[in-house]
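Please consult the sequence and the structure shown here.

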Amino acid sequence: MPDIKHFNPDIVLDDVIQVFWRQGLPTTGIQALVTATGVSRSSLYATFGNKDGLYAAALDRYIAQHSTPAFAHLSSTTSGLTAIEEFFAGLIDVRCSGPVAGWGCMVTNAYAGPECADPGIRTVLEEHHTTLQSALRSALATAADLGQLQPSTDLDAAAAVLATLAYGVNLRSRAGADAEALTDTVTAALAPLRAHPSPQEHSPS
């Protein structure tokens with residue numbers, strides 16, 4: 001196996017993510033990580049400290065790869081509710097189809113597991129949540145400016161609900177919920193926020 005000088009830590013972390021994402025921290029042994037990466041235990045520990053250090057680094061990289069781009073898009077959107085719908089549609093697609101279907105979300109899995117008892121991991125998870133909720137609020141603010149929301153919508157409360165819904169989608173998909181059911185749930189959650197069409201929009205052309 002390659003020693004510490006002969007492997008790319010980022011490439012190794014991509015392999016480590018796959019293991020921790022699917023199995024979680026408690027049930028993953030170091031040998032599984034050695035097998036997945038092709039890097040010796042001593043080299044992994046020399047670079048990342050221990051299994052917990054490997055997990056923390058993998059979680060950071062997962063967030064950078066998967067969460068950060070999606071949150072940045074929500075924060076900068078000019079389409080309001082459409083961007084929120086696309087965010088959830090993309091989430092459901094990844095969770096329910098393709099190579100990682102049924103794995104859930106590594107972040108949500110950590111919230112639901114003993115990993116979150118670690119203060120450092122807990123801080124990462126809380127920062128992730130704050131960024132998600134802030135990004136959703138930005139998209140909602142754009143939606144409000146576009147006249148897409150009920151005038152009485154509390155943007156902070158709506159963003160908190162939608163952030164919680166995202167975690168729910170992740171957990172339910174891991175438990176086997178299908179895409180149609182999850183999409184229906186998202187549609188139902190967004191419906192009360194939508195501005196009612198004006199009478200003119202109901203009139204025949």
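Which residues in α4 meet which residues in α5? Y62, A70, F71, H73 and L74 of α4 meet A83, I84, E86, F87 and R95 of α5, where contact means heavy atoms within 4.5 Å. The model is predicted: local features need pLDDT of at least 70, side-chain atom pairs count only at pLDDT 80 or more, and totals for chains, interfaces and linings use all residues. Residues are numbered from 1 along each chain as its sequence is written, and side-chain values use heavy atoms, with hydrogens and water left out.

**Packing of α4 and α5**
- The axes of α4 and helix α5 (residues 81–96) are 9 Å apart, at an angle of about 155°.
- The two helices, α4 and α5, are therefore roughly antiparallel (angles over 145 degrees).
- The contact of α4 with α5 comprises seven nonpolar, one polar and two charged residues.

**S67 in α4**
- Helix α4 (residues 51–76) contains S67.
- S67 counts as buried because its relative accessibility is 7% (buried means under 20% relative accessible area, with a 1.4 Å probe and protein chains only).
- Beyond its neighbours within four places in sequence, S67 contacts Y62 and H128.

**Nonpolar cores**
- A nonpolar core is a set of buried Ala, Val, Leu, Ile, Met, Phe, Trp, Tyr and Cys residues joined through side-chain atoms within 4.5 Å.
- The largest such core has 31 residues, and F20, L44, L54, L59 and M106 have the most contacts inside it.
- Elements giving two or more residues to this core include α1 (9–23), α4 and α7 (119–145); α1 gives the most, with seven residues.
- A second, separate core of 30 residues includes L74, F88, L165 and Y167.

Terms used:
Helices (H or I, at least four residues) and strands (E, at least two) are DSSP runs, numbered from the N terminus. Buried means under 20% relative accessible area, exposed over 50%, partly exposed in between (1.4 Å probe, protein chains only). Axes are lines fitted to C-alpha atoms, for helices over the stretch in contact, and angles run from 0 to 180 degrees between N-to-C directions. Angles under 35 degrees count as roughly parallel, over 145 as roughly antiparallel, 65 to 115 as roughly perpendicular and the rest as oblique. Ala, Val, Leu, Ile, Met, Phe, Trp, Tyr, Cys and Pro count as nonpolar, Asp, Glu, Lys and Arg as charged, and the others, Gly among them, as polar.
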